[in-house]
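I opened this entry to look up side-chain contacts, charged pairs and then aromatic rings. My notes follow in the order I made them.

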Amino acid sequence: MISKEYLKIVNHYNSCLDRYGDTHLGVDWPKEKDVDTRYRIMLEVINSWADDQITLLDFGCGLSHLYEFILKQNSDRINYISKIKYSGLDLSEKFIQVSQNKFPLNTYYCLDILDTSIEIPIFDYVVLNGVFTEKRELTFDQMFVYFKFLIKKVFSKTRNGFAFNVMSKQVDWERDDLFHLPLDTLASFLTKDISRNFIIRNDYGLYEYTTYVYR
């Protein structure tokens, strides 16, 4: 059974929401100008628009800012975005309450997916934006164990593919509270335990990288 030390990360984000409200700082993204870049990269995991509707789970949805980004693309007449059927999931009751109040027609899940007694549907795609970028007080090993358990569980709920981001090791300096995951460590884990079919995105100018994993 995995230790629930990762709940300390949830407590940190709750504190950010209490302090900054429904803003990029409320989900602890320091630079507002970088936020839309992350959303665009996350959505580019979708590699097929053949279906009339694509189900997408925003895992760690926070304040549903990704959904707001999707709505903005619709208003800008990017038609394919209208095919996305969005759902959100978060461990934090506070975040889910805010999201549900803003978008009452969306489906939201407030649960711990690592609790094996709880099940959710299978989605075409899942995105995990910011779920693994901070480790807070956790050691690297504790965070990596949590990461592996969660990736395995998410993969079982994904019909086509999923995306996640972590902090890069290719930086001038590392913060102790962030999760800097070496590329070779990630590739070894994915190849052995998840899928050999993955793409690493390191081309969007931030001190992180995003990985797409497909079936």
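I began with the scale for exposure: buried means under 20% relative accessible area, exposed means over 50%, and partly exposed is in between. I also noted that the model is predicted.

**Entry 1**
I then looked up Phe 179, which is buried at a relative accessible area of 0%.

**Entry 2. Salt bridges.**
How many salt bridges does the structure hold? I found 17.

I took the pair of Lys 102 and Glu 68 to start with; their side chains meet in a salt bridge at 2.6 Å, N to O. Lys 102 belongs to helix H4 (residues 93-102) and Glu 68 to helix H3 (residues 65-75), so this pair ties together parts that are 34 residues apart in sequence. I checked the exposure of both partners. Lys 102 is partly exposed, with a relative accessible area of 27%. Glu 68 is partly exposed too, at 32%.

Next I turned to Lys 157 and Glu 119, whose side chains form a salt bridge of 2.5 Å, N to O. I located Lys 157 in the loop between helix H5 (140-156) and strand S5 (158-167), and Glu 119 in the loop between strand S3 (107-110) and strand S4 (123-128). The pair links distant parts of the chain, 38 residues apart. Is Lys 157 buried or exposed? Its relative accessible area is 11%, and since buried means under 20%, Lys 157 is buried.

I then looked up Asp 177 and Arg 136, which meet in a salt bridge at 3.0 Å, N to O. Here again the pair links distant parts of the chain: Asp 177 is in the loop between S5 and helix H6 (183-194), Arg 136 is in the loop between S4 and H5, and they are 41 residues apart. Asp 177 is buried at 17%, whereas Arg 136 is partly exposed at 23%.

**Entry 3. Aromatic pairs.**
I noted a count of 19 aromatic pairs. How are the rings of Tyr 67 and Phe 103 set against each other? Their centres are 4.8 Å apart and their planes stand at 80 degrees, so I wrote the pair down as edge-to-face. Tyr 67 lies in helix H3 and Phe 103 in the loop between H4 and S3, so the pair ties together parts that are 36 residues apart in sequence. I found both Tyr 67 and Phe 103 buried.

I came back to Phe 140 and Phe 179, which form a tilted aromatic pair with 5.3 Å centre to centre and 35 degrees between the planes. Phe 140 is in helix H5 and Phe 179 in the loop between S5 and H6, so placed that the pair links distant parts of the chain, 39 residues apart.

Both of these residues belong to one aromatic cluster, whose members also include Tyr 6, Phe 132, Phe 144 and Phe 155.

**Entry 4. Charges over rings.**
I looked for charged side chains over ring faces and noted two. Arg 38 lies over the face of Trp 29, at 3.7 Å from the ring centre. Arg 215 lies over the face of Phe 155, at 3.9 Å from the ring centre.

Key
Residues numbered from 1 in each chain as written. Predicted model: local features only at pLDDT ≥ 70, side-chain atom pairs only at ≥ 80, totals over all residues. Heavy atoms only, no water. Salt bridge = Lys/Arg side-chain N within 4 Å of Asp/Glu carboxyl O. Helix = DSSP H or I, 4+ residues; strand = E, 2+ residues; numbered from the N terminus. Buried < 20%, exposed > 50% of the residue type's maximum accessible area, 1.4 Å probe, protein only. Phe/Tyr/Trp six-rings, centres within 6.5 Å; stacked < 30°, edge-to-face > 60°. Lys NZ or Arg CZ within 6 Å of the ring centre and 35° of its normal.
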